[in-house]
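Biologist: Hello! Could you walk me through this structure, one question at a time?

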Amino acid sequence: MTAAELVQLAHDIKLWARELGFDQVGITDTDLALEEPRLQAWLDAGHHGTMDYMARHGMMRARPHELLPGTLRVLSVRMNYLPFEAGFAATLRDPTLGYISRYALGRDYHKVLRNRLKQLGERIERRCEALLQGSQETLGEWRPFVDSAPILERPLAAKAGLGWVGKHSLLLNESAGSFFFLGELLVGLPLPLDAPVEKEQCGKCVACINICPTGAIIAPYVVDGRRCISYLTIENDGPIPEEFRPLMGNRIYGCDDCQLICPWNRYADASPEPDFSPRPTLHRPPLLDLWGWSESDFLKHTEGSPIRRIGYRRWRRNLAVALGNGPASPQVIEALQQALGEAEPMVAEHIEWALATLANRQQEDHKKTRLLIRCIEKGLPDHA
Ligand code: SF4
Ligand code: SF4
């Protein structure tokens with residue numbers, strides 16, 4: 001293929017990607033050698049927690065050409081996902097509701113992005129077949145990836161010019177913030193490269209570090225996965241360490257705090273993609289309603305949603321913690337007590353924690369009420 005044909009193809013790929021609903025695409029090579037020491041240090045420190053697959057693939061994560069031999073370029077794509085009615089504050093501030101990370105309110109993004117990337121690959125393949133007719137050259141193998149392979153998608157996206165990796169370790173784009181999904185298409189074509197953004201633009205800001213409820217951003221650009229609520233509620237299969245439970249508030253699946261506080265998300269656009277529209281049962285859901293779901297209700301309501309991946313056991317564990325962090329109402333206490341007998345051991349332990357936490361809160365509330373009554377009786381100001 002000639003240089004001019006490759007330039008034209010790169011141009012057309014960007015048009016096709018837009019037609020397929022991607023908000024941006026960039027082209028980069030497969031060299032992430034600069035990232036390897038950082039990845040190794042993160043793994044050595046154990047910040048991946050029980051995400052063994054991260055360590056298992058070792059440095060292959062930084063070497064896409066080992067993942068798919070013959071790969072010369074990575075097409076890095078991003079797709080906005082923020083729903084029009086995100087309702088962040090209204091959900092986070094109401095402890096009777098469950099907060100679900102905004103990316104998980106609609107259809108499973110893995111399916112949506114992989115399907116579109118496959119369509120993009122097919123269009124490239126058709127163009128290459130036409131251009132390479134009668135020659136010995138071939139496009140070779142190509143493959144889409146969406147969180148499905150050991151690949152360092154954020155540094156690749158940064159190299160491809162989609163933004164920079166912020167201090168919260170997510171990709172930031174100066175005109176779109178960070179509420180978008182990333183995906184990659186690996187191809188064996190020497191397409192012209194896009195330039196990375198000239199410099200990261202976090203500057204002196206440390207808002208994400210300060211806001212993180214569990215102190216998971218232990219240094220700029222370093223997230224200790226074991227402290228992160230997204231890891232604790234989604235990836236972690238075992239008990240949630242007690243020290244983090246009160247800090248989780250009503251977050252039952254993931255956490256968006258470090259993105260919410262980020263000034264660059266002033267520029268985040270809502271997505272018109274119907275697949276990412278919130279499902280009514282998952283948008284601002286009362287915790288007690290979710291607690292009432294049987295396993296078959298859970299499977300029905302989360303069909304085609306990323307939430308289904310965590311399974312009913314982790315879902316109940318997370319809900320128990322959120323209920324323990326909410327108001328100590330008789331309905332909540334009764335619902336927790338009723339579930340205790342049939343709960344499997346890990347969930348039961350979280351229910352017991354929730355009941356003990358609510359009982360302590362009730363005692364504190366009673367103490368405050370008694371003090372208030374005494375103050376009123378003595379005619380003292382209530383802060384005396
Ligand atoms: S997702 Fe939440 S817990 Fe994790 S680093 Fe961001 S603010 Fe912290
Ligand atoms: S909150 Fe500030 S430091 Fe954190 S990612 Fe955004 S701009 Fe960077």
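Modeller: Let's begin with a word we will need: contact means heavy atoms within 4.5 Å. This is a predicted model, in which local features need pLDDT of at least 70 and side-chain atom pairs count only at pLDDT 80 or more, while totals for chains, interfaces and linings use all residues. Residues are numbered from 1 along each chain as its sequence is written, chains are lettered from A and ligands numbered from 1 in the order in which they are written, and side-chain values use heavy atoms, with hydrogens and water left out.

Biologist: Which residues does S305 touch, not counting residues up to four places away in sequence?

Modeller: Look for S305 in the loop between helix 12 (295-301) and helix 13; helices here are DSSP runs of H or I, at least four residues long, numbered from the N terminus. Leaving out residues up to four places away in sequence, the contacts of S305 are A104, G106, D108, R279 and L282.

Biologist: Is S305 buried or exposed?

Modeller: Buried means under 20% relative accessible area, exposed over 50%, and partly exposed in between, using a 1.4 Å probe and protein chains only. S305 has a relative accessible area of 3%, so the word for S305 is buried.

Biologist: How many salt bridges does a search of the whole structure find?

Modeller: A salt bridge needs a side-chain nitrogen of Lys or Arg within 4 Å of a carboxyl oxygen of Asp or Glu. One of them joins E141 and R143, with the closest N and O atoms 3.1 Å apart. Searching the whole structure gives a total of 16.

Biologist: How many residues apart are R313 and E344?

Modeller: The side chains of R313 and E344 meet in a salt bridge, 2.9 Å from N to O. This pair links distant parts of the chain, with R313 in helix 13 (residues 311-324) and E344 in the loop between helix 14 (330-340) and helix 15 (345-378); the separation is 31 residues.

Biologist: Is R313 buried, partly exposed or exposed?

Modeller: The relative accessibility of R313 is 32%, so R313 counts as partly exposed. E344 has a relative accessible area of 30%, so its label is also partly exposed.

Biologist: Which helix holds both E364 and K367?

Modeller: E364 and K367 form a salt bridge of 3.5 Å, N to O. They are 3 residues apart, about one turn of the helix, and both lie in helix 15.

Biologist: Which residues are joined into one network by salt bridges that share partners?

Modeller: Here we follow the shared partners from one salt bridge to another. The network is made of D237, R313, R314 and E344.

Biologist: Which helix gives the largest share of the lining of the second largest pocket?

Modeller: On a 1 Å grid over the protein atoms alone, a pocket is an open set of points where a 1.4 Å probe fits, with protein on both sides within 12 Å along at least five of seven lines, and lining residues have an atom within 4 Å of a point. The second largest pocket holds about 210 Å³ of space, where a volume is the space filled by probe spheres set on the points, joined across faces, edges and corners. Its lining includes Y312, R313, R316 and E344. The largest share, 3 residues, comes from helix 13.

Biologist: Which elements give two or more residues to the shell around ligand 1?

Modeller: Being near a ligand takes a heavy atom within 4 Å of it. The residues surrounding ligand 1 include C212, C228, C255 and C258. The elements giving two or more residues to this shell are helix 9 (229-235) and helix 10 (257-260).
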